[in-house]
Amino acid sequence: MLTTHWLLDHTEVSIVLDNEAIYQICQKQLDIDRPSYADLNMLISKVISSMTASLRFDGELNVDLGEFQTNLVPFPRLHFMTTALAPVISKKKASHEAQTVREITDHSFQPQNMLVKYAEFDPVEDKYMAISIQLPW
């Protein structure tokens, strides 16, 4: 939180991550009792690599982070992105979990899949200013 003012002036897009939220995802959804830094970093690397995939691979539908900023940030000072990861399934459950596009999309908006904890966040009542969902297909 100490760098928020600096980020407002010196970045165009900021991805917000919360250690406690990532830790809870590892414990509750990946069934890891005591997540290590490697476990936390694995989740963070999946999110960041997904967001930057369009920079690394060619394609007509790929956009760069500048286009994210242009299309998703309605006001220059509101450029902090909330990130979610779905589906988050442990290795034990992965073989028998069927996930449709609808289920994955629904899971993306659930607070337990967000990499930031918000007090009193209601996914039904609260509003989003802009949304980008990136599916791996």
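1. Let's start with helix α2, which spans residues 19-28: its buried residues are A21, I22, I25 and C26. Viewed down the axis of α2, these buried residues fall within an arc of 140 degrees, so they line one face of the helix. Please keep in mind as you read on that this is a predicted model.

2. What lies over that face, and what is on the other side? The cover over the buried residues of α2 includes α3 (37-51). On the other side of α2, you will find N19 and K28 exposed.

3. The N-terminal end of α2 has a cap, and the residue to look at is D18. A side-chain oxygen of D18 lies 3.2 Å from the backbone nitrogen of E20.

4. E20 turns up again in a salt bridge, this time with K117, where the closest N and O atoms are 3.0 Å apart. This pair links distant parts of the chain: E20 sits in helix α2, K117 in the segment after α7 (101-108), and 97 residues separate them. Both partners are partly exposed, because a relative accessible area of 45% for E20 and of 40% for K117 lies between the 20% and 50% cut-offs.

5. How many salt bridges are there by this rule? The count comes to three, and the pair of D31 and K93 is one of them, with its closest N and O atoms 3.8 Å apart. Here too distant parts of the chain are linked: D31 belongs to the loop between α2 and α3, K93 to helix α6 (residues 91-94), and they are 62 residues apart. D31 is partly exposed, with a relative accessible area of 35%, and K93 also counts as partly exposed, at 34%.

6. A further salt bridge joins the side chains of R102 and D106, at 3.2 Å from N to O. Both residues lie in helix α7, four residues apart, which is about one turn of the helix. R102 is exposed, with a relative accessible area of 61%, whereas D106 counts as partly exposed at 34%.

7. Finally, a word on the aromatic rings. The count comes to one aromatic pair. Y118 and F121 form this pair, with 6.0 Å from centre to centre and 40 degrees between the planes.

Methods:
Residues are numbered from 1 along each chain as its sequence is written. This is a predicted model: local features need pLDDT of at least 70, side-chain atom pairs count only at pLDDT 80 or more; totals for chains, interfaces and linings use all residues. Side-chain values use heavy atoms; hydrogens and water are left out. Rings of Phe, Tyr and Trp (its six-membered ring) pair if their centres lie within 6.5 Å; planes under 30 degrees apart count as stacked, over 60 as edge-to-face and the rest as tilted. Buried means under 20% relative accessible area, exposed over 50%, partly exposed in between (1.4 Å probe, protein chains only). Helices (H or I, at least four residues) and strands (E, at least two) are DSSP runs, numbered from the N terminus. The arc is that of the directions from the helix axis to the C-beta atoms. Contact means heavy atoms within 4.5 Å. A polar contact is a pair of N or O atoms within 3.5 Å; within protein, one must be able to donate a hydrogen and the other to accept it, and residues adjacent in sequence count only if both atoms are side-chain atoms. A salt bridge is a side-chain nitrogen of Lys or Arg within 4 Å of a carboxyl oxygen of Asp or Glu.
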